[in-house]
Amino acid sequence: MTVREVAAEAYRETLPVLLLSAVGGLFAGLVLVGMEAELAAVPGLLVLVPALLATRGNVYGSLGARLGSALHQGVIEPQFGLDDDRLNAAVAAALANGVLISGFAAVLAVVVLRLLARPSTGLVSLVAIALLAGFVSGLLLTIAVVSVVFVGYRRGLNPDTLAGPVVTTTGDMIGMATLLVAARIVLAIGGG
Amino acid sequence: MLPLLCVLTGIELVSGLVLDTFEEALLASPSLLLLVPVTIGMAGNLGSVMAARLSTAFHLGLLSFSPTDDRLAGNALATVALSMTVFPLVGAGAWGLTALVGRTGLPFATVVLVAFLSGLVLAVLAVVVTGITTYAAYRYRLDPDDVVIPVVTNVCDVLGVLVLFGVVRLVV
């Protein structure tokens with residue numbers, strides 16, 4: 001293949017996925033714009049945004065890849081239910097990783113902000129926001145990833161090419177929306 | 001997986017700290033604030049798509065690491081072309097959405113220019129980072145699928161914020 005052919009093929013195959021995830025990213029940005037009041041009320045919240053969004057991609061993107069491989073190998077069946085131990089273990093591990101890392105990001109953010117003598121909210125409220133957002137977004141993303149991978153697989157689509165775009169498109173939107181809700185809840189019960 | 005995630009989270013916090021330093025400029029111009037997640041996401045996507053394609057070519061034995069390699073050059077060209085297509089649309093979308101819900105803070109042309117320039121610089125950086133990481137995986141005999149994609153995605157995320165910050169300082 002010539003350079004031109006390689007480039008044209010890569011462009012054609014990638015453009016639809018990129019456009020889809022651009023739409024998802026724009027809506028995630030809209031939620032961020034709607035968070036102006038919370039960003040002002042919780043110093044340090046903006047510091048968490050890139051880390052939390054990346055965690056969603058890293059953890060649930062990897063869950064999608066694992067489910068895809070397991071389906072291809074025939075070790076799990078594309079059936080919804082709570083009686084498949086392998087599926088339960090993969091989901092539990094992803095949720096645990098997602099929640100732990102969100103809490104870790106919040107602790108690290110507060111420590112670094114204090115060291116740099118920058119304004120930061122209390123450790124407890126930022127950790128509470130991160131854990132709450134991590135848990136709720138984890139549940140929602142698990143449902144999204146498992147449903148899309150299973151339904152796609154049953155219809156004969158390759159789960160490996162489905163999971164990535166689903167996580168990048170829904171992950172940012174769900175990640176930002178749950179962060180907004182978590183910040184509002186923690187502010188309402190007196191943190192911040 | 002947890003230790004790798006902790007390291008990646010540490011890297012991501014660097015971009016969070018950069019965002020924090022220009023929080024006032026972002027809050028003053030909602031269209032720039034709206035660009036933040038999408039710029040981070042698109043930078044990571046450009047890198048991860050190229051990384052996935054290079055990894056597959058590498059596994060199939062179709063890739064050689066020379067600047068004249070057709071697959072390397074073709075994928076690099078496609079990454080830049082994709083970025084130049086998508087980022088101006090993202091800029092227009094960011095301005096349009098903020099105009100719909102409230103104030104934009106900046107003229108339409110400025111927001112599109114910020115998005116376009118950020119996209120162009122990020123595409124070049126994504127190509128460089130992906131090329132170096134894939135080559136390193138090849139040299140150290142690591143499976144590029146395991147190593148390259150998480151490293152490239154997270155490094156490109158951080159670069160997304162840094163480049164946006166640089167372009168905003170230059171243009172706005």
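This is a predicted model: local features need pLDDT of at least 70, side-chain atom pairs count only at pLDDT 80 or more; totals for chains, interfaces and linings use all residues.

Reader: Why is Gly96(B) called partly exposed?

Author: Gly96(B) has 15 C-beta neighbours inside 10 Å. A residue is buried at 20 or more and exposed at 12 or fewer; the count for Gly96(B) falls in between, and therefore Gly96(B) is classed as partly exposed. Gly96(B) belongs to helix α4 of chain B. Its C-alpha is 8.6 Å from that of Ser31(B), although 65 residues separate Gly96(B) and Ser31(B) in sequence.

Reader: What makes α3(B) and α4(B) roughly antiparallel?

Author: The axes of α3(B) and α4(B) approach within 10 Å and cross at roughly 160°. Angles over 145 degrees count as roughly antiparallel, and the pair α3(B) and α4(B) is therefore given that description. The crossing of these two helices, α3(B) and α4(B), is right-handed.

Reader: Which residues make the contact of α3(B) with α4(B), and how do they divide by class?

Author: On α3(B) the contributors include Ser31(B), Leu35(B), Met42(B) and Arg53(B). Those on α4(B) include Arg71(B), Leu82(B), Phe87(B) and Trp95(B). The residues of this contact comprise 16 nonpolar, 5 polar and 2 charged.

Reader: What makes Ala117(A) an exposed residue?

Author: Ala117(A) has 7 C-beta neighbours inside 10 Å. Exposed residues are those with 12 or fewer, so Ala117(A) counts as exposed. Ala117(A) sits in the loop between α4 (85–115) and α5 (123–154) of chain A. Ala117(A) also has a positive phi of about 55°, although it is not a glycine.

Reader: How do you know that Arg141(B) is exposed?

Author: The count for Arg141(B) is 6 C-beta neighbours inside 10 Å. With the limit for exposed residues at 12 or fewer, Arg141(B) is therefore exposed. Arg141(B) is located in the loop between α5 (108–139) and α6 of chain B. Phi of Arg141(B) is near 55°, a positive value in a residue other than glycine.

Terms used:
Residues are numbered from 1 along each chain as its sequence is written. Chains are lettered from A and ligands numbered from 1 in the order in which they are written. Helices (H or I, at least four residues) and strands (E, at least two) are DSSP runs, numbered from the N terminus. Axes are lines fitted to C-alpha atoms, for helices over the stretch in contact, and angles run from 0 to 180 degrees between N-to-C directions. Angles under 35 degrees count as roughly parallel, over 145 as roughly antiparallel, 65 to 115 as roughly perpendicular and the rest as oblique. A crossing is left-handed if the near helix is turned anticlockwise from the far one by less than a right angle, and right-handed if clockwise. Two residues are in contact if their C-beta atoms, placed from the backbone, lie within 7 Å. Ala, Val, Leu, Ile, Met, Phe, Trp, Tyr, Cys and Pro count as nonpolar, Asp, Glu, Lys and Arg as charged, and the others, Gly among them, as polar.
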